[in-house]
Amino acid sequence: MSTLSAIVAGVTYRSRNGAVEALSGVTLDVASGEVVVALGASGCGKSTLLGLFAGFVAPTAGQVLIDGVPVTGPGPDRAVVFQDDALMPWLSAEDNVAFGLRLRGVGRAERQQVARDLLRDVGLDGFAGHAISEMSGGMRQRVGLARALAVSPRFLLMDEPLGALDELTRERMQMLLLHLWQASGKGIFLITHSIEEALFLATELVLMSPRPGRIVQRYRPDFARRFLAGEPIRAIKGDPQFLAMREDLAATILAGDEEYARHG
Amino acid sequence: MDKTARGHGWATLATLCLLLALWWGVTASGLVAPLFLPGPGAVAARLADLARHGFVGASLLQHAGASLARVGLAMIFAVVTAIPVGMAMGLWPRVNAALDPVIEFYRPVPPLAYLPLIVIWFGIGEATKVILITMAIFAPLAIATASGVRRVDPDRVRAARSLGASRDQVVWLVIFPSALPDILTGLRIALGVGWSTLVAAELVAASRGLGFMVQSASQMLVTDVVVAGILLIAVIALVLELLLRWVERRFAGWSGTR
């Protein structure tokens, strides 16, 4: 069991128009075995929050901790999956997956074995030697996921990993993600702007609001566990309870927008 | 061959045939005297003769070899200096701020303009030519490398760092391969610049080389050697270009496909 915690008073960027407060007063824990999803429109600070967890961004005030130990930079205990795959296009699928192991000096044969097993786990059996440029967006995201898993991270940080995929591919990836999560028990932090995706995947859902970025609501949906218990995805997404929560979230987001429009 | 040219090879061929016919026409009809422009047949015969007997004390192979050796040596010097310098410029804005003005200052100056200075400093030997051509190649290669490094997707660097890459690993396993397509394109352009500079340099101070051969032939009014030499210079440039395109496809074929 591990917990990745952000206790952050603020993150301020210096921009051409002066200081911009990207995040303000955010406290959030990602524990092993949880899927924490940050939902919000662009500019709500969810990417900054992921950057904090990953160690790409340092808080202006506050800290990020793993089991009480401060995070000082990026590291393989928190592997990141990016929206635009961020793969190395000159490497084959297999070498991309094995990239993190190569950095550690793991031998070729062992790397290869791990990479092939992971490619099979993400449904890319037989694609080891394929070039990244020959792969579809969905396949690339699977490679990105396998690459992150290869370094045996304690936490998976996912920056809108399914945002660029078509509807059907997206749903398949959601199911794959939950199965991998169940098998590994890792702590996952995922950001998305899709209400439905957030509800389906999250064990904890935080709704974020912009200017400055902050958490405005927290929910604890149980649809992910219901899916893993055997309930079909379509039944869950058509469940009146699911639809009611989706509408409630949409209304909350809309009300926040109007509030902002009234008061600036 | 470029994608745009594929399937239109006949148009290229037609132009070549037309030019050749025109060349043959104006010379065979006596419209232009052989002193000004010898016919294709005469030039071809002269080429065969040059290959057998050489010209002013050196064989054709020695002339071409002298030119190629100079450009090859300069290329090696430029690669081992310009690529690291360009990498440093791309990685660290401070290095860029320090070196960019120098490179941008001399880059637009035609190499032949500073050739006299190099001759004063280094004489008319081999060193001068290799230095001149190295300088001509250095600037475009360093600039292409720096801009390639700057264009690297920041997420790719973040991905590597979150997988545990050290600073050096990020540079050599992520940034360098990411920039390689730009570096190779820069190299191809630089080689073109270098080749034309070299041949021009040989017009001024040399006793061997294709540029020298053309220059001395022109002084002796052996026009067929002049034309043959020009054709040979063009063909070698084309072969070098195709060679580097092949290298680009082989080592950076992944770029442009996404």
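Because the model is predicted, local features need a pLDDT of at least 70 and side-chain atom pairs count only at pLDDT 80 or more, whereas totals for chains, interfaces and linings use all residues. Residues are numbered from 1 along each chain as its sequence is written, and chains are lettered from A and ligands numbered from 1 in the order in which they are written. The predictor gives the complex an ipTM of 0.88 and a pTM of 0.84.

**Chain B**

- The average pLDDT (the predictor's confidence in each residue, from 0 to 100) of chain B is 88, and 96% of its residues score at least 70.
- Where pLDDT is low, the predicted coordinates should not be read in detail.
- Chain B has ten helices and zero strands, where helices (H or I, at least four residues) and strands (E, at least two) are DSSP runs numbered from the N terminus.
- Along the principal axes, the C-alpha atoms of chain B fill a box of roughly 75 × 50 × 30 Å.
- Of the 258 residues in chain B, 35% are buried; a residue is buried if 20 or more other C-beta atoms, placed from the backbone, lie within 10 Å of its own, exposed if 12 or fewer, and partly exposed in between.
- Among the contacts in chain B with a separation of 6 or more, 70% are between residues 24 or more positions apart, a contact being two residues whose C-beta atoms, placed from the backbone, lie within 7 Å.

**Where the chains meet**

- The contact between the chains takes 21 residues from chain A and 16 residues from chain B.
- On the side of chain A that touches chain B, β6 (78–81) and α3 (99–103) of chain A each supply at least two residues.
- That side of chain A has 15 nonpolar, three polar and three charged residues, with Ala, Val, Leu, Ile, Met, Phe, Trp, Tyr, Cys and Pro counted as nonpolar, Asp, Glu, Lys and Arg as charged, and the others, Gly among them, as polar.
- B:Ala165 is found in the loop between α7 (154–162) and α8 (167–204) of chain B, and B:Ala165 counts as buried because 23 other C-beta atoms lie within 10 Å.
- Leaving aside residues up to four places away in sequence, B:Ala165 touches A:Leu103 from chain A as well as B:Ala160, B:Val170, B:Leu173 and B:Val174.

**The four-stranded sheet of chain A**

- An open sheet of four strands in chain A has the order β2-β1-β4-β5 with antiparallel pairing, where two strands pair if DSSP finds at least two bridges between them.
- The edge strands of this sheet are β2 (18–31) and β5 (69–70) of chain A, each of which pairs on one side only.
- Strand β1 (residues 3–15) of chain A pairs with β2(A) in the antiparallel sense over twelve bridges, and a hairpin joins β1(A) to β2(A) through two residues.
- In β2(A), A:Val26 is the bridge partner of A:Val8, while A:Ala31 stands opposite A:Thr3.
- Helix α1 (residues 46–54) of chain A lies across β1, β2 and β4 (61–66) of chain A and runs at about 120° to β1(A), with axes fitted to C-alpha atoms, for helices over the stretch in contact, and angles running from 0 to 180 degrees between N-to-C directions.

**The six-stranded sheet of chain A**

- A second open sheet, of six strands, has the order β6-β7-β8-β3-β9-β10 in chain A with mixed pairing.
- Its edge strands are β6 and β10 (214–219) of chain A, each pairing on one side only.
- β6(A) and strand β7 (residues 155–159) of chain A are parallel over four bridges, and five bridges join β7(A) to β8(A), which also run parallel.
- A:Met158 in β7(A) stands opposite A:Val81 and also opposite A:Leu190 in β8(A).
- In strand β8 (residues 187–192) of chain A, six of six residues are buried; A:Gly187, A:Phe189 and A:Ile191 point one way, and A:Ile188, A:Leu190 and A:Thr192 the other way.
- α5 (137–150) of chain A lies across β6 and β7 of chain A, running at about 175° to β6(A).

**Helix α4 of chain A**

- The buried residues of α4(A) are A:Arg111, A:Val114, A:Ala115, A:Arg116, A:Leu118 and A:Leu119, and their cover includes α2 (93–97), α3 and α5 of chain A.
- Just after α4(A), A:Gly123 takes a positive phi of about 85°.
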